[in-house]
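Subject: Structure handover

Hello,

Here is the structure you were waiting for. My notes on what was found in it follow below.

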Amino acid sequence: MKINKNNHVFLLNESKFSNTNDYIKKIMMSFVCENNNECLECNNCKKIISNTYYDIFDINSNETNIKDKILEMKNAFLNQSLESIGYKFYIIRNIEKLSKINSNQILKFIEEPQKKTVGILITSNINNVIDTIKSRCEEIRLESNYDYAKKFIKENFDGNETFYIESFNSIDELEKFKENKNKDLILEIYSLLIKDFDFDNNYLEFLEKFKKLSYYEISLIIKSIISNYDNKKHYLFLELISNLKYNLNKTLVFNQITNIIKNR
């Protein structure tokens, strides 16, 4: 992959299970490689590969404290680089999920770049990235790699391949899910939703379990079941996922999901 080093911010347009982290490393190596060719052997390239390069700030827009993370990032980039080559990198995943306020903060950061600062923005929904950010980035389209994803799922999880394929977009997300404390609960609720479960007679028990999930975890469950339904319900589920960013009442969200499912 040829990187235009005249640019200082890149927008990676993910496809399902593209090798995003590999591309991120290629971009960074193209700037820091001592041999100017992503040699994989120089000290800087080795640091990128082993995740020991210090001046990298990696945040995910799914995080609940994203506003604080952006402020922390901006403050960190005011300091001198700790790496001798001087390059600093910031990575923002799921850029399309930023609120308008946080998007404007990132836009200002892009528009006033510091020397030797490189941004890598990542999205799986390019249409939801605000135009003012897109217009200031070099877009790179990433290809899908389902074979690698299925191999990763088989090696790291016990069954439920359909859940993982439907719910996640990247290997990075799957990697993080391995450490999710609610993993078993998420899979339990998913299993109940895809069956002819008696919601009415088990309402309170099911609801209490559901309310323990974060909004991100709820979105995973909705994504996992969405392909089982027709276009009309598909649209209703997508609309619900989009509205989760407003921190909807979880009881309301639960009732919407079950009502969509029951109204066959």
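I start with F237, which touches I222, I225, I226, Y229, I257, I260 and I261, leaving out residues up to four places away in sequence; contact here means heavy atoms within 4.5 Å. This is a predicted model, in which local features need pLDDT of at least 70 and side-chain atom pairs count only at pLDDT 80 or more, while totals for chains, interfaces and linings use all residues. Residues are numbered from 1 along each chain as its sequence is written, and side-chain values use heavy atoms, with hydrogens and water left out.

Cores

F237 belongs to the largest nonpolar core, which has 40 residues; the members that touch the most others are Y164, L174, L193, F237 and I257. A nonpolar core is a set of buried Ala, Val, Leu, Ile, Met, Phe, Trp, Tyr and Cys residues joined through side-chain atoms within 4.5 Å. Buried means under 20% relative accessible area, exposed means over 50%, and partly exposed is in between, with a 1.4 Å probe and protein chains only. At least two residues of this core come from each of α6 (146-156), α7, α8 (171-177), α9 (183-193), α10 (203-210), α11, α12 and α13 (250-262). The helices (H or I, at least four residues) and strands (E, at least two) are DSSP runs, numbered from the N terminus. α9 gives the largest share of the core, seven residues. There is also a second, separate core of 24 residues, with C42, C45, I48 and Y87 among them.

Helix α11

Nine of the eleven residues of α11 are buried, so this helix is largely enclosed by the rest of the structure. The buried ones are E217, I218, S219, L220, I221, I222, K223, S224 and I225. Their cover includes α7, α8, α9, α10, α12 and α13.

Pocket and cavity

The largest pocket holds about 1200 Å³ of space. It is lined by 40 residues, and those closest to its centre are N62, K97, I241, S242 and K245. Helices α3 (66-76), α4 (100-111), α7 (161-167), α11 (215-225) and α12 (231-243) each give at least two residues to the lining. By type, the lining has twelve nonpolar, 18 polar and ten charged residues.

The largest cavity has about 80 Å³ of space, and its lining is E14, T20, N60, R93, N94, I122, S170, D172 and E173. That lining divides into one nonpolar, four polar and four charged residues.

On a 1 Å grid over the protein atoms alone, a cavity is a set of points where a 1.4 Å probe fits but cannot get out, and a pocket is an open set with protein on both sides within 12 Å along at least five of seven lines; lining residues have an atom within 4 Å of a point. Grid points are joined across faces, edges and corners, and a volume is the space filled by probe spheres set on the points.

Aromatic pairs

Rings of Phe, Tyr and Trp (its six-membered ring) pair if their centres lie within 6.5 Å; planes under 30 degrees apart count as stacked, over 60 as edge-to-face and the rest as tilted. The count by this rule is 22 aromatic pairs. F10 and F31 have ring centres 6.1 Å apart and planes at 65°, so they are edge-to-face. F10 is in strand β1 (residues 9-13) and F31 in helix α1 (residues 20-32), so the pair ties together parts 21 residues apart in sequence. F10 is buried at 0% relative accessibility, and F31 is buried at 5%. Elsewhere, ring pairs join F157, F163, Y164, F168, F177 and Y190 into a cluster.

Loops

F77 sits in the loop between α3 and β3 (88-93) and is buried, with a relative accessible area of 3%. Beyond its neighbours within four places in sequence, F77 contacts F57, K88, F89, Y90, F109, Q114 and T117.

Two residues other than glycine have positive phi. K116, with phi near 60°, lies in the loop between α4 and β4 (117-123) and is partly exposed at 36%. N160, with phi of about 55°, is in the loop between α6 and α7 and is partly exposed at 32%.

Regards

Note on methods. Ala, Val, Leu, Ile, Met, Phe, Trp, Tyr, Cys and Pro count as nonpolar, Asp, Glu, Lys and Arg as charged, and the others, Gly among them, as polar.
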